[in-house]
Amino acid sequence: MSQPQTAAETAVKNDFPGKKPLIISGPCSAETEEQLLATCTQLAATGKVDMLRAGIWKPRTKPGMFEGIGTKGLPWLQKARQLTGLPTTVEVATPKHVEDALAFEVDVLWIGARTTVNPFSVQALADALRGVKVPVFIKNPVHPDLELWLGAVERLAKAGVQDIGLIHRGFASYGNTEYRNAPMWHLPIEMKRRLPDLPLICDPSHICGNRTGLAAVAQQSIDLGFDGLMLESHIDPDNAWSDAKQQVTPQRLAELLDGLIWRQETTEQQEFLTVLAKLREQINQLDDEILHLLGSRMQVAESIGRYKKENDITILQTSRWNEILERGIRKGDQLGLTADFIHKYFDAVHLESINRQNSVMNK
């Protein structure tokens, strides 16, 4: 039996942004009129960019850092729109931002990760957008909370915003990793499953935090069926006032886009569809076998739980758990399965086994 749809899933049905793939680019921050116009005109000249972006207000981690040029940068962006004929988009975090952006004819707004995480802020923006016909992208919240992301969609939908899109920019994680913000691909995939009618684009710049990983992250998002990319570009990236390491020149952006392999979600070629259907049926059969085996495993776990109960033995046996994990990693390696996958799989299986034994123990 399928689960009932949430308000977000039923309220939003749109074809925004229309063009797929949608490519959005521009500097992390609008710094000067000259810098913004030069970057935007060079991006337009590549013929590969569909929409211009620029940070006008920049929420920074610490006070004293460059927090954006502010409203005075909006006429520059308006001029870039007039020069290039390309639509524009900016991040908004307050109702005043919305008012100012619309006053200068910004075509599309987006809500940033630091704002999405706060339902009070999202609701204030939803109230400011009530009755306004403007498309809005919503970036995922800073930390990995799918419900907050869905909640932001629902708040805008209830306010009457008809054209809503999603931006995956990765999630904060503690410590040093290869990413500035870990992609955690399973979360945007789940959003795409729940909200299939909403366009989902990827922001490799904020996921990577550097230039070297941009192409790989962009390609992975394309392979997962994302609808476009948002990439930061600057005429002089090394001297950018914010996020210098993750920006590329317009020329390098064009080269990066040329190197990507754009895939389609499906095809009408009968031969492909026939082969794919056979392979998917194999997957279905294998999944059924795996589920039957897991059911049998849990029955054995319950028997172990009853035996432990009869002999007053604790559920958790650390040495046994380590033995299972080490054995699984060795066997998985022989079968071409990564240690990370084996860890996640056995963690889930072990937790279910403990729950089953706990239920037996406390009947």
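Mentor: Start with the terms: two strands pair if DSSP finds at least two bridges between them. Strands (E, at least two residues) and helices (H or I, at least four) are DSSP runs, numbered from the N terminus. The model is predicted, so local features need pLDDT of at least 70 and side-chain atom pairs pLDDT 80 or more, while totals for chains, interfaces and linings use all residues. Residues count from 1 along each chain as its sequence is written, and side-chain values use heavy atoms, leaving out hydrogens and water.

Trainee: In which sense do strand 2 and strand 3 pair?
Mentor: Parallel, over two bridges, with strand 2 at residues 51-53 and strand 3 at 88-92.

Trainee: What do the eight strands close into?
Mentor: A barrel, in the order 1-2-3-4-5-6-7-8, with parallel pairing.

Trainee: Which strands are joined to strand 8 by bridges?
Mentor: Strand 1 (residues 22-26) runs parallel to strand 8 and is joined to strand 8 by five bridges; L22 has G228 as its partner there. Strand 7 (residues 200-202) is also parallel to strand 8, with two bridges, and C202 is partnered with L229.

Trainee: Which way do the side chains of a strand point?
Mentor: In a regular strand they alternate between the two faces of the sheet. In strand 8, G228, M230 and E232 point one way, and L229 and L231 the other.

Trainee: Are the residues of strand 8 buried or exposed?
Mentor: Buried means under 20% relative accessible area, exposed over 50%, partly exposed in between (1.4 Å probe, protein chains only). In strand 8 (residues 228-232), five of five residues are buried.
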